Each structure stands twice: as structure tokens, then as C-alpha cells.
Amino acid sequence: MDNQQLKDPQNPSGPVTVRNLKIHVDRDLCIGAATCVAIAPKTFVLDSEAKAIILATVDQDPDNVIIDAAKGCPVAAIIIEDDKGQRIFPQ
Ligand code: SF4
């Protein structure tokens, strides 16, 4: 994975801000199931440790797709907040 393909190379798993969403993958929880990659392939990819990281192309996935990916994660490792810090998922 080329760092330039990441939304934030300093924080590959976030938090990153996309429009009004703050997205963060809890790397301790992530088990590399890749459900998120299947649902939101422009947002998530697995790194060499099989942990989800956030792509620069995240801006091309609509909010509902990113939220659906978080909902699809079997271990709820994807945490999404709004721009006021309110938790959107998991609730
Ligand atoms: S769906 Fe969840 S466990 Fe699977 S790779 Fe994505 S964040 Fe990790």
C-alpha cells in the first residue's frame, strides 16, 4: 500500500474527517474480516497486518455507504461520529 493512497498516511486507520463524518477503525478490535472492504471499497482496504485502513478515495463513497460498512463490521470496529462528536455508530 502506497502511503499516498491513504487519506491520512500518519493515521492509516483514522481518525479521518470526510464531509461531516469522523471515521476511525479500532485496530485492536479489527479481525480483518474485510466486510467493510466489500461494502465500501473506496473507503477501506486491509493493510499488511490485515487491519482496515482508510483510502484517500474515501471522499467518493457516500455517507450512507460508509455508515453501512461500519454496520456490517462483525466486531463493530469502525467508529463513526458526526462533526459535533456525537456517535453515529456503534450507538
Ligand atoms: S469489517 Fe471490521 S473487522 Fe473486518 S476488516 Fe473491516 S473493520 Fe476490520
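Helix α2 (residues 63–72) lies across β2, β5 and β6, and the helix runs at about 140° to β5. Contact here means heavy atoms within 4.5 Å. Axes are lines fitted to C-alpha atoms, for helices over the stretch in contact, and angles run from 0 to 180 degrees between N-to-C directions. Helices (H or I, at least four residues) and strands (E, at least two) are DSSP runs, numbered from the N terminus.

This is a predicted model, in which local features need pLDDT of at least 70 and side-chain atom pairs count only at pLDDT 80 or more, while totals for chains, interfaces and linings use all residues. Residues are numbered from 1 along each chain as its sequence is written, and side-chain values use heavy atoms, with hydrogens and water left out.

Now to the sheet. Four strands make up an open sheet in the order β1-β2-β5-β6, with antiparallel pairing; two strands pair if DSSP finds at least two bridges between them. At the edges are β1 (16–18) and β6 (87–89), each of which pairs on one side only. From one strand to the next, the twist averages 30°.

β1 and β2 form a hairpin with two residues between them, and R19 in the turn has a positive phi of about 50°.

V25 stands opposite I78 in β5. Which residues of β2 are on its covered face, and which on its uncovered one? L21, I23 and V25 belong to the covered face, whereas K22 and H24 belong to the uncovered face.

Finally, look for empty space inside. Rolling a probe the size of a water molecule over the atoms shows where empty space is left. On a 1 Å grid over the protein atoms alone, a cavity is a set of points where a 1.4 Å probe fits but cannot get out, and lining residues have an atom within 4 Å of a point. The structure holds one cavity of 30 Å³ or more. The largest cavity has a volume of about 80 Å³, where volume is the space filled by probe spheres set on the points. Of its 14 lining residues, C30, A33, A34, C36 and C73 are the closest to its centre.

Technical notes:
1 Å grid on protein atoms, 1.4 Å probe; cavity = no way out; pocket = protein on both sides within 12 Å on 5 of 7 lines; lining within 4 Å. Buried < 20%, exposed > 50% of the residue type's maximum accessible area, 1.4 Å probe, protein only.
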